[in-house]
Amino acid sequence: MIEESDDYEGELISLPNYKVDELSDTSLYNWIQQFDMQCSPKAAFGLFGSLYFTGVLVGSLILPRLSDKIGRRKVALFGNVLHFIACFWFLFNKEMNFSLFLMFLVGLAMAARAFVGFLFMTENMRIKDYSYATASMFTIDSLGILVSTFYFKRISKDWRGIFGIPLIF
């Protein structure tokens, strides 16, 4: 029997008929099942986060300067539209490589939505309202963790619902 270890460099064991028990309280339907990643190398899992933050980095380097030239409203709107399109495709995509590309686009859009959008918001409000608006924004943003926890525990174990609901609003 082979024990799981980070330094194990042998052959991966394939489990072609492996299926997650979706009736169990501890299971979720997530990207591992959707992209059949049960036997994928650890690097494949890290690519999702790495490409997201690469998109944030690229967007951070390009989009704020672009917003100085063409206007913050256009760049923030571009970020919102790009985010909507990428998330919409993400819901229905079954191809892992395309999902990695979409994750990069979500990161790129985040830079436009969060960074440029925040600047656009603060430029169009009174100075005395900055701290209230910023605190409200971060409070709502942090509620995502609480809502997600409740969703997965009480409503559904399928990630697509919690990911798709915000697209409607």
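**Exercise 1. In which sense, left-handed or right-handed, does helix 3 pass helix 4?**

This is a predicted model, in which local features need pLDDT of at least 70, side-chain atom pairs count only at pLDDT 80 or more, and totals for chains, interfaces and linings use all residues. Residues are numbered from 1 along each chain as its sequence is written, and side-chain values use heavy atoms, with hydrogens and water left out.

Step 1. Identify the elements: helices (H or I, at least four residues) are DSSP runs, numbered from the N terminus. Helix 3 covers 72–92 and helix 4 covers 96–123.

Step 2. Recall the description: two packed helices are described by the angle between their axes and the distance between the axes. Axes are lines fitted to C-alpha atoms, for helices over the stretch in contact, and angles run from 0 to 180 degrees between N-to-C directions.

Step 3. The axes of helix 3 and helix 4 cross at roughly 150° and come within 7 Å. Helix 3 is therefore roughly antiparallel to helix 4; the classes are roughly parallel under 35 degrees, roughly antiparallel over 145, roughly perpendicular from 65 to 115, and oblique for the rest.

Step 4. A crossing is left-handed if the near helix is turned anticlockwise from the far one by less than a right angle, and right-handed if clockwise. Helix 3 passes helix 4 in a left-handed crossing.

**Exercise 2. Describe how helix 2 and helix 3 cross.**

Step 1. Helix 2 spans residues 42–70, and its axis comes within 9 Å of that of helix 3.

Step 2. The two axes cross at roughly 155°, so helix 2 and helix 3 are roughly antiparallel to each other.

Step 3. The crossing of this pair, helix 2 and helix 3, is right-handed.

**Exercise 3. Determine which helix gives the most to the nonpolar patch.**

Step 1. Patch residues have over 30% relative accessible area and no salt bridge; like charges are joined within 9 Å, and nonpolar side chains (Val, Leu, Ile, Met, Phe, Trp, Tyr) within 5 Å.

Step 2. The surface patch includes Leu-77, Trp-89 and Phe-101, and its residues together have about 910 Å² of accessible area, by the Shrake-Rupley method with a 1.4 Å probe, only the protein chains shown counting as cover for residues.

Step 3. Helix 3 and helix 4 are the elements that give two or more residues. Helix 3 gives the most, with seven.

Step 4. As an example, Phe-92 lies in helix 3 and counts as exposed because its relative accessibility is 56%.

Technical notes:
Salt bridge = Lys/Arg side-chain N within 4 Å of Asp/Glu carboxyl O. Buried < 20%, exposed > 50% of the residue type's maximum accessible area, 1.4 Å probe, protein only.
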